[in-house]
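Trainee: I have a few questions about this model. Can we go through them one at a time?
Mentor: Go ahead.

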Amino acid sequence: MSNDTTLVLGATGKTGRRVVARLRLRGTPVRAASRSSRTRFDWTDPGGWDEALRGVAVAYVVAPGVPGPVHEFVARAEAAGVRRLVLLSGRGADTWGDSTFGLDMRSAEDAVRGSALEWTVLRASNFDQNFDEDVFHAPLVAGELALPADAVPEPFIDVDDVADAAAAVLTGTAGRHAGRIYELTGPRALTFGEAVELISRASGRPITYRRISPGEYAATLVEQGLSEDDAHHVAEMFVLMERGLIAATTDDLATVLGRAPRTFEDYVVRAAAAGAWRG
Ligand SMILES: NC(=O)c1ccc[n+]([C@@H]2O[C@H](COP(=O)([O-])OP(=O)(O)OC[C@H]3O[C@@H](n4cnc5c(N)ncnc54)[C@H](OP(=O)(O)O)[C@@H]3O)[C@@H](O)[C@H]2O)c1
């Protein structure tokens, strides 16, 4: 069997499902995989990995939330004849120091960067779509987002830009993006307060932003059902962001795509028009 398929992990997630649609549109043979996809892939069950990797030339890897499994996955990919790996990572994966937060991403990066295959790492900033498809959505609909973030801005990136970049790297000519780590950001950094103000204006609803302490935030997350450990790690991410290490924008998206990133305003208008923050 010749290897011509592109395997997309996390295929039901924010980036994965957008990557799958882009590849299908351009006629690339795609295998969409996750725990709930037709091709079942579970990071906790290596028994199913070889089947998912059969006939695969290129793989888009969304790392698991724990350090470790990507090393074994990369070994299986090499054995299956995969030629290229594209890993979604997060900005700061190399700057979190000894913090426990981000160990999963660093472990995944080590596995991919240590492989004999052609590899590319996409280190993305926080996603715009966290405000309508993920953790910040429910608080915004309830009228207030409260986070341990203040004056340090974040260069939020549109997930559609991440997917465009991933599709370009997955389908690019051999060697074009080999061994590259792209730091993908939006076109400007804005504070969470500014982001919420734009969402409030576009949605026509009074929504406020309030700064709280990392301890208060961790307690809120525990109330929402997170374990003490996970809540602590998420709060810790904000402490690290407040150091300003990942606040700057980069030109890497333009390097990959030859165009500027989408603006946060563009995202807010699209999401508000789709009714994202209706009460
Ligand atoms: N959110 C951000 O701002 C941001 C920024 C930079 C980087 N990242 C990184 O992006 C990654 C998340 O990507 P995303 O936002 O595209 O996905 P997502 O929306 O968080 O969805 C997670 C995906 O992973 C699958 N999944 C969950 N547990 C799994 C398991 N045990 N085995 C196999 N698949 C599993 C889910 O599908 P099933 O439920 O069907 O399995 C789903 O497709 C994380 O590694 C995160 O660190 C996020």
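**Helices, core and ligand shell**

Trainee: What is aspartate 104 in contact with, leaving aside its neighbours within four places in sequence?
Mentor: Aspartate 104 is in contact with Ala63, Pro64, Gly65, Val66 and Pro67. Contact means that two C-beta atoms, placed from the backbone, lie within 7 Å. Before going on: this is a predicted model, in which local features need pLDDT of at least 70 and side-chain atom pairs count only at pLDDT 80 or more, while totals for chains, interfaces and linings use all residues. Residues are numbered from 1 along each chain as its sequence is written.

Trainee: Fine. Where does aspartate 104 lie?
Mentor: In helix H4, residues 103-113. Helices (H or I, at least four residues) and strands (E, at least two) are DSSP runs, numbered from the N terminus.

Trainee: Aspartate 104, buried or exposed?
Mentor: Buried, with 21 other C-beta atoms within 10 Å. A residue is buried with 20 or more other C-beta atoms within 10 Å of its own, exposed with 12 or fewer, and partly exposed in between, with C-beta atoms placed from the backbone. From aspartate 104 to alanine 93, 11 residues away in sequence, the distance is 9.0 Å, C-alpha to C-alpha.

Trainee: Which other residues in H4 are buried?
Mentor: Besides Asp104, they are Met105, Ala108, Glu109, Ala111 and Val112. Down the helix axis, the buried residues of H4 fall within an arc of 160 degrees, so they line one face. The arc is that of the directions from the helix axis to the C-beta atoms.

Trainee: And what covers the buried residues of H4?
Mentor: The cover includes strands E4 (56-62), E5 (84-90) and E6 (118-124), along with helix H3 (69-80).

Trainee: Changing topic: which residues in the largest nonpolar core touch the most other members?
Mentor: Val61, Leu87, Leu122 and Ala166, in a core of 78 residues. Helix H6 (159-171) gives the largest share of this core, 8 residues. A nonpolar core is a set of buried Ala, Val, Leu, Ile, Met, Phe, Trp, Tyr and Cys residues joined through C-beta atoms within 7 Å.

Trainee: What does alanine 166 touch?
Mentor: Not counting residues up to four places away in sequence, alanine 166 touches Thr15, Val19, Tyr60, Val86 and Leu122.

Trainee: How many residues surround the ligand?
Mentor: There are 26, and the closest are Gly13, Thr15, Ser34, Arg35 and Ser36. A residue is near a molecule or strand if its C-beta atom, placed from the backbone, lies within 6 Å of it. By class, the ligand shell has 12 polar, 10 nonpolar and 4 charged residues. Ala, Val, Leu, Ile, Met, Phe, Trp, Tyr, Cys and Pro count as nonpolar, Asp, Glu, Lys and Arg as charged, and the others, Gly among them, as polar.

Trainee: On to H7. What should its 12 residues span?
Mentor: At 1.5 Å a residue, 16 Å for residues 192-203, and the end C-alpha atoms are 16 Å apart, which agrees. The expected span of a helix is 1.5 Å times one less than its number of residues.

Trainee: Which residues in H7 are buried?
Mentor: Phe192, Ala195, Val196, Ile199, Ser200 and Ser203. Seen down the axis of H7, these fall within an arc of 135 degrees, so they line one face of the helix. They pack against helices H5 (137-142) and H11 (264-273) and strands E7 (144-147) and E9 (208-211).

Trainee: What follows H7?
Mentor: Glycine 204, with a positive phi near 70 degrees.

Trainee: How about H9, which residues are buried there?
Mentor: Ala231, His233, Ala235, Phe238 and Met241. E7 and helix H8 (214-223) are among what covers them. Leucine 240, also found in H9, is partly exposed, with 17 other C-beta atoms within 10 Å. Beyond four places in sequence, leucine 240 is in contact with Gly92, Trp96, Ser99, Phe101 and Leu245.

Trainee: Last one. Where is the place of arginine 243?
Mentor: Arginine 243 is in the loop between H9 (228-241) and helix H10 (252-257). Arginine 243 counts as partly exposed, with 13 other C-beta atoms within 10 Å.
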